[in-house]
Amino acid sequence: MFPEITHDDVFRLETERLWLRWPRLADAQAFVVLINDPEVTRHTTLPRPYRSQDAEDFIRFACAANAAGESLYLVLAPKRDPNTPIGVISSEGAQSRGESRLGFWLARAFWGQGLMSEAASAFVDLVFKITSLERIVSAAAPDNIASLRLQERLGFTRTGRTVIDAADGGSLEIITTELKRGGARTTFGARRPKLSST
Ligand SMILES: CC(C)(COP(=O)(O)OP(=O)(O)OC[C@H]1O[C@@H](n2cnc3c(N)ncnc32)[C@H](O)[C@@H]1OP(=O)(O)O)[C@@H](O)C(=O)NCCC(=O)NCCS
């Protein structure tokens with residue numbers, strides 16, 4: 001689905017304050033610390049507690065999916081400190097001309113500075129630029145105001161509500177959302193792709 005440009009770990013995306021780069025095994029310990037914050041996992045399906053093995057399994061899985069062009073998982077890192085991961089953004093399960101699922105989390109210390117808006121805007125722009133996807137879907141818990149607001153600002157609209165399995169064995173009610181190619185408020189989102197994708 002994703003074209004060759006993203007299949008290698010030299011691929012990275014630059015925003016004003018961030019690098020969005022492939023995950024590395026060296027990120028695992030930082031992921032454990034950052035994700036074991038209940039405020040970060042509260043609205044997500046990330047395992048709790050989040051162990052070193054979870055982080056290493058995720059990084060291996062993400063790199064394999066990136067290399068195969070099936071998905072794109074990128075780590076957010078400050079430009080001044082590119083080896084330090086502070087979050088993840090992903091476009092998963094993409095099928096040619098179909099849809100993919102946007103997911104993201106950011107370390108709590110960096111919330112409220114517009115960093116995920118900056119990353120997600122560039123990321124969504126990239127996904128529409130380099131794939132033939134017609135829409136990106138996402139979701140958020142009804143009380144996850146930051147995620148819903150961020151998505152709304154990108155042009156996502158609400159499509160319904162559903163209940164999914166939570167990591168703790170319980171359930172999580174979510175609002176489902178979508179962003180159609182033509183509805184994206186980004187540079188490339190409204191255009192047809194110029195690069196051919198696999
Ligand atoms: C959701 C998340 C990634 C937002 O990251 P962030 O960098 O803090 O978001 P931004 O600073 O770009 O803000 C996005 C919007 O939400 C608003 N916002 C941010 N934090 C908020 C809060 N606590 N309450 C209400 N609004 C908030 C911002 O004002 C902004 O809206 P605006 O553009 O109209 O000003 C971050 O809170 C997070 O990682 N949460 C835990 C994991 C998670 O919920 N992931 C998403 C699962 S659907």
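The structure is a predicted model, in which local features need pLDDT of at least 70 and side-chain atom pairs count only at pLDDT 80 or more, while totals for chains, interfaces and linings use all residues. Residues are numbered from 1 along each chain as its sequence is written.

Helices (H or I, at least four residues) and strands (E, at least two) are taken as DSSP runs and numbered from the N terminus. Two strands are regarded as paired if DSSP finds at least two bridges between them. On this basis, an open sheet is formed by 8 strands in the order S1-S2-S3-S4-S5-S6-S8-S7, with mixed pairing. Strand S1 (12-14) and strand S7 (157-165) stand at the edges; each has a single partner strand, so one side of each is left without a neighbour in the sheet. Neighbouring strands of the sheet are turned by 25° against each other on average, direction ignored. For such angles, axes are lines fitted to C-alpha atoms, for helices over the stretch in contact, and values run from 0 to 180 degrees between N-to-C directions. In general, strands of a sheet pair through backbone hydrogen bonds, either parallel or antiparallel.

Individual pairings can be followed along the sheet. S1 pairs with strand S2 (residues 18-21) in the antiparallel sense over 3 bridges, and the two strands form a hairpin with 3 residues between them. Within this pair, Glu 14 is placed opposite Trp 19 in S2. S2 is in turn joined by 4 bridges to strand S3 (residues 72-78), and these strands run antiparallel; here Leu 20 stands opposite Leu 76 in S3. Strand S4 (residues 87-92) and S5 are also antiparallel, and they pair over 6 bridges. Gly 87 has Leu 106 in S5 as its bridge partner. By contrast, strand S5 (residues 99-106) and strand S6 (residues 135-140) run parallel and are joined by 3 bridges. In S6, Ile 136 is found opposite Ser 100, and Val 137 is the bridge partner of Arg 101.

Helix H5 (residues 145-154) lies across S6 and strand S8 (171-180) and runs at about 160° to S6. Helix H4 contains 16 residues and spans 23 Å from its first C-alpha to its last, close to the 22 Å expected at 1.5 Å a residue; the expected span is 1.5 Å times one less than the number of residues. H4 is mostly covered, as 12 of its 16 residues are buried. Burial is counted from C-beta atoms placed from the backbone: a residue is buried if 20 or more other C-beta atoms lie within 10 Å of its own, exposed if 12 or fewer, and partly exposed in between. The buried residues of H4 include Leu 115, Met 116, Phe 123, Phe 128 and Ile 130.

The ligand is surrounded by 22 residues, of which the closest are Trp 111, Met 116, Ser 117, Ala 146 and Arg 149. Two or more residues of the shell are given by each of S5, helix H4 (115-130), S6 and H5, and H5 supplies the largest share, 6 residues. The shell divides into 12 nonpolar, 8 polar and 2 charged residues. In this division, Ala, Val, Leu, Ile, Met, Phe, Trp, Tyr, Cys and Pro count as nonpolar, Asp, Glu, Lys and Arg as charged, and the others, Gly among them, as polar. Trp 111 lies in the loop between S5 and H4 and counts as partly exposed because 14 C-beta neighbours lie inside 10 Å.

Glu 39 is located in helix H2 and counts as exposed, because it has 8 C-beta neighbours inside 10 Å. The C-alpha atoms of Glu 39 and Arg 108 are separated by 7.4 Å, although the two residues are 69 residues apart along the chain. Pro 49 belongs to the loop between helix H2 (38-41) and H3, and a cis peptide bond with omega of about -10° joins Arg 48 and Pro 49. In general, most peptide bonds are trans. Ala 65 is found in helix H3 (residues 52-68) and is partly exposed, with 18 other C-beta atoms within 10 Å.

Methods: Two residues are in contact if their C-beta atoms, placed from the backbone, lie within 7 Å. A residue is near a molecule or strand if its C-beta atom, placed from the backbone, lies within 6 Å of it.
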